[in-house]
Amino acid sequence: MIRIAMWSGPRNLSTAMMRSFGSRADTFVSDEPFYGCFLTQKGLDHPMREEVIQSMDCDWRRVMNNLSGQPPEGSSVWYQKHMWHHMTGPIGYDHFAGFTHAFLIREPERMIASYLRKREAAHFEDFGLERQAEFFERETDRLGHPPPVIDANDVLSDPAGVLSKLCAALGIPWDPAMLSWAPGRRETDGIWAAHWYNAVEKSTGFGPPETEPVELSAEDQRLAARCRLYYERLAAHRLSP
């Protein structure tokens with residue numbers, strides 16, 4: 001049995017990746033299990049805040065204990081979709097002993113532009129990139145080599161090529177079922193799907209690669225430049241298509 005902690009920020013193709021892994025017969029998926037803990041601790045005004053809190057266990061210790069236990073439904077692979085900015089308070093790298101870590105990144109300009117289609121403003125803290133660097137460096141030290149990193153646009157450019165390399169790096173067999181899925185919502189989706197998952201719910205697979213130019217305000221361009229410092233540290237190790 002393998003527990004995969006897939007780390008990304010918001011708007012990084014993370015839900016499509018969850019759909020992809022959820023298409024495997026051997027895999028159970030969990031959708032941002034620390035979101036309720038994060039909202040409870042931070043008190044931020046996120047879309048559907050109260051509904052999210054009411055729908056989840058918001059005690060980080062119980063959540064962590066559950067994620068460290070046996071996977072639901074007797075699955076041999078437990079794919080856990082995690083967001084960097086949800087790792088607040090006492091939750092840290094050492095709590096994930098025994099997990100297999102992977103990292104999903106996206107060009108900052110496209111990530112920010114996508115985020116702004118759902119929120120009025122974007123801030124550095126919304127993306128958790130400092131925790132990204134911490135986890136990546138600590139896992140690299142533990143393994144003696146970088147853990148697997150995939151770039152969202154590389155996945156869109158060559159889904160089979162990148163995902164088959166990812167599976168090899170994770171130590172699980174490649175399954176072509178990961179390339180397509182039925183449209184609609186899943187029981188495993190967080191309640192926030194109503195706000196965030198409109199495009200994914202209509203999809204049946206990965207879309208085309210992103211080639212259109214991105215326009216950002218001067219302020220958001222400065223944010224992208226700050227984020228790019230972290231993006232490039234991981235992008236240097238990404239699995240190429």
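The model is predicted: local features need pLDDT of at least 70, side-chain atom pairs count only at pLDDT 80 or more, and totals for chains, interfaces and linings use all residues. Residues are numbered from 1 along each chain as its sequence is written, and side-chain values use heavy atoms, without hydrogens and water.

**Helix packing**

Helices (H or I, at least four residues) and strands (E, at least two) are DSSP runs, numbered from the N terminus. Two packed helices are described by the angle between their axes and the distance between the axes. Helix α1 (residues 14-22) and helix α8 (residues 159-170) have axes that come within 13 Å and cross at roughly 70 degrees. That makes α1 roughly perpendicular to α8. Axes here are lines fitted to C-alpha atoms, for helices over the stretch in contact, with angles from 0 to 180 degrees between N-to-C directions. Angles under 35 degrees count as roughly parallel, over 145 as roughly antiparallel, 65 to 115 as roughly perpendicular and the rest as oblique.

The crossing of α1 past α8 is right-handed; that is, the near helix is turned clockwise from the far one by less than a right angle. On the α1 side, M17, S20 and F21 meet L163, L166 and L170 of α8. Contact means heavy atoms within 4.5 Å. By class, this contact of α1 with α8 has five nonpolar, one polar and no charged residues. Ala, Val, Leu, Ile, Met, Phe, Trp, Tyr, Cys and Pro count as nonpolar, Asp, Glu, Lys and Arg as charged, and the others, Gly among them, as polar.

S14 is also in helix α1. Leaving out residues up to four places away in sequence, S14 touches S8, G9, K81, M83 and L104.

**A buried helix**

Buried means under 20% relative accessible area, exposed over 50%, and partly exposed in between (1.4 Å probe, protein chains only). Helix α5 (residues 108-116) has seven of its nine residues buried, so it is largely enclosed by the rest of the structure. They are P108, R110, M111, I112, A113, S114 and Y115. These buried residues pack against α9 (193-196) and α11 (218-235).

**Aromatic pairs**

The whole structure holds 18 aromatic pairs. Rings of Phe, Tyr and Trp (its six-membered ring) pair if their centres lie within 6.5 Å; planes under 30 degrees apart count as stacked, over 60 as edge-to-face and the rest as tilted. W7 and F96 have ring centres 5.2 Å apart and planes at 75 degrees, so this pair is edge-to-face. W7 lies in strand β1 (residues 2-8) and F96 in the loop between β3 (77-83) and β4 (100-105), so the pair ties together parts 89 residues apart in sequence.

F124 and Y230 form a tilted pair, 5.7 Å centre to centre with 45 degrees between the planes. F124 is in the loop between α5 and α6 (129-143) and Y230 in helix α11, 106 residues apart. F124 and Y230 are both buried. Ring pairs also link W7, F34, W84, Y93, F96, F99, F103, F135 and F136 into a cluster.

**Positive phi and accessibility**

E32 has phi near 50 degrees, a positive value in a residue other than glycine. E32 sits in the loop between β2 (27-31) and α2 (35-42). E73, not a glycine either, has a positive phi of about 60 degrees. E73 sits in the loop between α4 (60-67) and β3.

| Residue | Relative accessibility | Class |
|---|---|---|
| W7 | 0% | buried |
| F96 | 2% | buried |
| S14 | 7% | buried |
| E32 | 9% | buried |
| E73 | 73% | exposed |
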